Amino acid sequence: MKGSREENIRQIIEMEDRIAKCQRCRTLTQCVRKPSAGKGELEPDLMMVFEYDNSFTRDIQNVIELRNLIKHEFQIDKIYHTFMVRCQPKACATRNNLNCFSETRLLNKDNQCLLHGRECEGIPIMPSDGEVMSCLPFLLEEINILNPNYLMLFGFRVGEYVLKSRGIFDIEDNKNVYRQGESCMVMLPDKEPIDSAFCQQVLQQMRA
């Protein structure tokens with residue numbers, strides 16, 4: 001059942017406050033200025049889920065173009081996007097070379113590393129399974145709060161974790177659309193462009 005926009009706002013703010021204080025991945029959160037948060041309509045028809053906040057999602061123009069494509073092709077107006085992992089893991093030579101065992105945050109508000117006084121030089125890497133599992137409960141809570149009609153899961157890894165967490169284990173190679181009650185979940189392929197032709201392919205599966 002969908003909540004009111006005001007109730008959704010209240011619950012999302014409370015959840016994001018807990019995310020900001022999360023210490024499940026202590027070494028990871030040391031080098032994150034702030035966790036990534038969901039953005040968009042708070043009574044969404046469709047929720048887009050990315051694995052983590054990357055160079056594509058950090059470019060607002062990319063997100064706007066993707067939203068507009070989905071709105072046009074699926075005739076959906078209200079869209080929200082979020083992330084399966086809130087804190088981007090990084091490979092950091094400075095921290096490793098100094099054998100830093102501190103549990104305090106190592107980035108200031110200007111994204112400068114407190115170990116060497118320069119802007120963070122950590123290289124973004126793929127989250128581990130342990131980091132995904134630590135963060136996944138927040139995503140599932142967010143889905144339950146906003147209760148969108150459609151979930152668009154970007155990449156096989158996101159699709160696998162979300163579908164299995166919702167009790168769907170029969171995941172097929174060439175199948176994009178999965179249904180559960182009134183919810184329709186679309187698993188998108190890795191590293192393939194989401195264009196008009198692909199959207200029409202998904203719509204055909206939805207109608208089947």
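Author: Let's start inside: the largest nonpolar core has 30 residues, and Val49, Met84, Leu151, Leu153 and Leu163 have the most contacts within it. This is a predicted model, in which local features need pLDDT of at least 70 and side-chain atom pairs count only at pLDDT 80 or more, while totals for chains, interfaces and linings use all residues. Residues are numbered from 1 along each chain as its sequence is written, and side-chain values use heavy atoms, with hydrogens and water left out.

Reader: What makes a set of residues a nonpolar core?

Author: The set must consist of buried Ala, Val, Leu, Ile, Met, Phe, Trp, Tyr and Cys residues joined through side-chain atoms within 4.5 Å. Buried means under 20% relative accessible area, with exposed over 50% and partly exposed in between (1.4 Å probe, protein chains only).

Reader: Which residues is leucine 151 in contact with, leaving aside its neighbours within four places in sequence?

Author: Met47, Val49, Ile143, Val162, Arg166, Cys184, Met185 and Val186. Contact here means heavy atoms within 4.5 Å.

Reader: And helix 7, which of its residues are buried?

Author: Arg157, Val158, Gly159, Tyr161, Val162 and Leu163 are. These buried residues pack against strand 2, helix 6, strand 6, strand 7 (177–180) and strand 8. After the helix comes glycine 167, with a positive phi near 85 degrees.

Reader: Now a charged one: why is glutamate 73 said to have no salt bridge?

Author: A salt bridge needs a side-chain nitrogen of Lys or Arg within 4 Å of a carboxyl oxygen of Asp or Glu. Arginine 207, the nearest side chain of opposite charge, is 8.2 Å away, so buried glutamate 73 has none. Lys and Arg count as positive, Asp and Glu as negative; His and the chain ends are not counted.

Reader: What joins the side chains of glutamate 73 and glutamine 200?

Author: A polar contact of 2.8 Å. The cut-off for a pair of N or O atoms is 3.5 Å; within protein, one must be able to donate a hydrogen and the other to accept it, and residues adjacent in sequence count only if both atoms are side-chain atoms. Glutamate 73 itself lies in helix 4 (residues 60–74).

Methods
Helix = DSSP H or I, 4+ residues; strand = E, 2+ residues; numbered from the N terminus.
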